[in-house]
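This report looks at a ligand and the space around it. Start with the view below.

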Amino acid sequence: MKTLQRTLTIIKPDAVRRNAIGDIIEQFEKNGFCILAMKMLQISKHQAEQFYAVHAGRPFFTSLTDFMSSGAIVVLALERENAIADLRKLMGATNPANAEEGTIRKKWATNIEHNAIHGSDAEETARFELSFFFAGYELAK
Ligand code: ATP
Ligand code: MG
């Protein structure tokens, strides 16, 4: 039996500024991810700090949260078998210098911080991140 899994992805401000929204969403669809919910918004510095709380204290935290609140983002709830791990494969390595050919970060990331896309890294983080951006009724599918 197939077990469907949900994950949260963010098209980051750098990718939105580069008109990459359509290309990235096409990659999700071509790779069999079902879009359950989607919205475009800009988060505040405080909201970025809450979202990335696990990185509080890391040297890049201030810069990362400035960046994530610097412009519009697109957040999507995706569903597929093995969605969490497979989305991270499709994203490519955090540092685009190490990202494989054919990945979203290889194509769109500029550097280790401005790296185009976020994806949940485990089931527990996916639950937190999905509920950070979407209300229960928006995911009731
Ligand atoms: P994400 O959580 O955004 O999906 P990731 O899981 O590949 O990316 P993390 O280690 O969770 O990477 O880091 C979160 C984000 O912080 C990275 O995507 C990147 O934007 C930024 N970041 C990570 N490491 C660095 C660094 N050394 N210098 C600057 N920014 C960094
Ligand atoms: Mg991460």
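The shell around ligand 1 divides into five nonpolar, five polar and four charged residues. Here Ala, Val, Leu, Ile, Met, Phe, Trp, Tyr, Cys and Pro count as nonpolar, Asp, Glu, Lys and Arg as charged, and the others, Gly among them, as polar. The model is predicted: local features need pLDDT of at least 70, side-chain atom pairs pLDDT 80 or more, while totals for chains, interfaces and linings use all residues. Residues are numbered from 1 along each chain as its sequence is written, chains are lettered from A and ligands numbered from 1 in the order written, and side-chain values use heavy atoms, without hydrogens and water.

Of the 14 residues around ligand 1 (a heavy atom within 4 Å), Lys12, Thr94, Glu113, Asn115 and His118 come nearest.

Helices (H or I, at least four residues) and strands (E, at least two) are DSSP runs, numbered from the N terminus.

Ligand 1 takes the space of the largest pocket. A molecule sits in a pocket if more than half of its atoms lie within 2 Å of its grid points. A pocket is an open set of points on a 1 Å grid over the protein atoms alone, where a 1.4 Å probe fits, with protein on both sides within 12 Å along at least five of seven lines; lining residues have an atom within 4 Å of a point.

The largest pocket holds about 470 Å³ of space. Of its 22 lining residues, Lys12, Tyr52, His55, Thr94 and His118 are closest to its centre. β4 gives the most to the lining, with three residues.

Conventions. Grid points are joined across faces, edges and corners, and a volume is the space filled by probe spheres set on the points.
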